[in-house]
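Hi,

Here is the structure I promised to pass on. Please have a look at it first, and then read my notes below.

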Amino acid sequence: MDFFRRSIAKKAFITLFIGFLIFSVLKYLGRDYIDANFNGYGDFVLYFLLFVFAFAVFVFIIHLPLSKVFIQMKALLTSRPYKKIFTQRVDEVGVLAHFFNEVTKNMERLSLDMEEGRRMSKELSVGSDIQKKILPTQMPQIPGLLIHGSTRPASEVGGDSFDINDVNGNVYVYIGDVTGHGLPAGLIMVMVNTLIRTFSEVYQNGYDIIVNTNRILKQRIEPRRFMTCVLLRWNLQDQKMYYTGAGHEHIMIFHKKQGVCEVKQSGGIALGMVPDISKIIKEEQIPLESGDFVILYSDGITEAKNMQGEMFGIERLKNTISQYSNANTPEELFVNISKEFGNFVGQQIQADDITLIALKKL
Amino acid sequence: MGLLTLKFTTDVRDNDYEVVEFYGELDQSTIGNAEKMVFELLEKYDRKFLIFDFTNLTFTNSEGIGFIVDVNTKLVDKKKQLILCGLRPNVAEVLEAMGVPKLFHVFSKINEAISFTKQ
């Protein structure tokens, strides 16, 4: 009965019932007058009036309120401008009107969200382009050294970075990995990239470059953000390689003569953790002989999982390097490691940015 | 996706420290939960030391370390100390690689960490 109380049928029923009562009373009281004036067509006239009354009830109580809703629905369906339906009714027409208002409100919100999403996506795409432009696209010719490297972000903008910079008799190669990934990591990556490139034009060694990069970076990032990094310095004159570690993953060195892959801790402390790292880090030499490989990587490689949830790991990377150590160029080694990595992770979604750099001493 | 449970233990006889035991993995998928619980604790934290017991922490990565460094920064601001203990070899390796042990007192067992708070 609750349904009937709020129903359009109730209004129509009451109106028709009142109309029928009036009709009955009129018919009873005015029967002599009707018979006298309508020549025996009195009943017809009364029934005609009753029909007109019932039709009016249908038009005013059902048709007109419904058509008010249907006009707006039609406008919506035909992509024409529609309006909100104002009503106090709580019957079927009221429910329809509220439903229409709610649906259109949600559609408008969704449309705005989509518009905002498109705008953000466009901005991310621009950010991604800016980041790609600061990453090396072509490997430079370096006397005594061959190099190949690449990075692949997990989303539009990544926190992994690498660069190769030939300046003042040294070639600097660095790999960096900012905590997390995405836009916040990408912004820090761009900052560090600029700082390292700038300081490599000011200082002549990795130690000063890293200490000063950290000094500036620490003042500009929140405490939980930091960047691990390894900076290699290839001195063109003495043909020796030096490294400065800042809390990054291990450095893998394949010694051709011994046929051994050395896993070396990069040492130091991640950039952005403490204001002064001058007493924590140091630049050291990596003794290399002709044919030796040096491999730098980010944790996106070693922490990548396959479909069974197993990690690629340091040991697998080390074994893969040893397996393909007869590669003629670092590019060949890079491609083979990438293939092994791809076979391992299969269809698993890339969860973190990945970077791999291979160098070979000629 | 990893799982992480935190257990907070207070020694009623000692007002110097509180121990947070980590069970599971501390990475990007579990950090939100850890942050919520630990940061809530830090808001009114009035003890001298906070001990993170990693005996049952099976995995962490750079994002987990970001969280630990963040907690440490908040404690240092309040002139308090964070102590780490019970690191498994794989967790210790990640922390060492990033140079984190240079920032904190790290002990192999919880009782060693507690003894340190008495010195």
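Predicted model: local features only at pLDDT ≥ 70, side-chain atom pairs only at ≥ 80, totals over all residues.

I started with helix 3 of chain B, residues 89–97, where B:Val91, B:Leu95 and B:Ala97 are buried. These residues sit on the same side of helix 3 of chain B, because the arc they cover around the axis is only 165 degrees. And what lies over them? The cover of the buried residues of helix 3 of chain B includes strand 3 (49–60) and helix 2 (62–77) of chain B. After helix 3 of chain B comes B:Gly99, which has a positive phi, near 85 degrees.

Now to chain A. It is divided into domain 1, spanning 2–109, and domain 2, spanning 136–361. Between the C-alpha centres of domain 1 and domain 2 of chain A there are 78 Å.

The element I would look at next is strand 10 of chain A (residues 354–361), which is mostly covered, with seven of its eight residues buried. Which strands pair with it? Strand 1 of chain A (residues 145–152) runs antiparallel to strand 10 of chain A and is joined to it by eight bridges. In that pairing, A:Leu146 has A:Lys360 of strand 10 as its bridge partner. Strand 9 of chain A (residues 293–297) is also antiparallel to strand 10 of chain A, with five bridges joining the two. There, A:Leu359 in strand 10 of chain A stands opposite A:Val294.

Best wishes

Definitions and conventions: Residues numbered from 1 in each chain as written. Chains lettered and ligands numbered in written order. Domains from an automatic or database assignment. Buried ≥ 20, exposed ≤ 12 C-beta atoms within 10 Å, placed from the backbone. Helix = DSSP H or I, 4+ residues; strand = E, 2+ residues; numbered from the N terminus. Arc of directions from axis to C-beta. Contact = placed C-beta atoms within 7 Å. Pairing = 2+ DSSP bridges.
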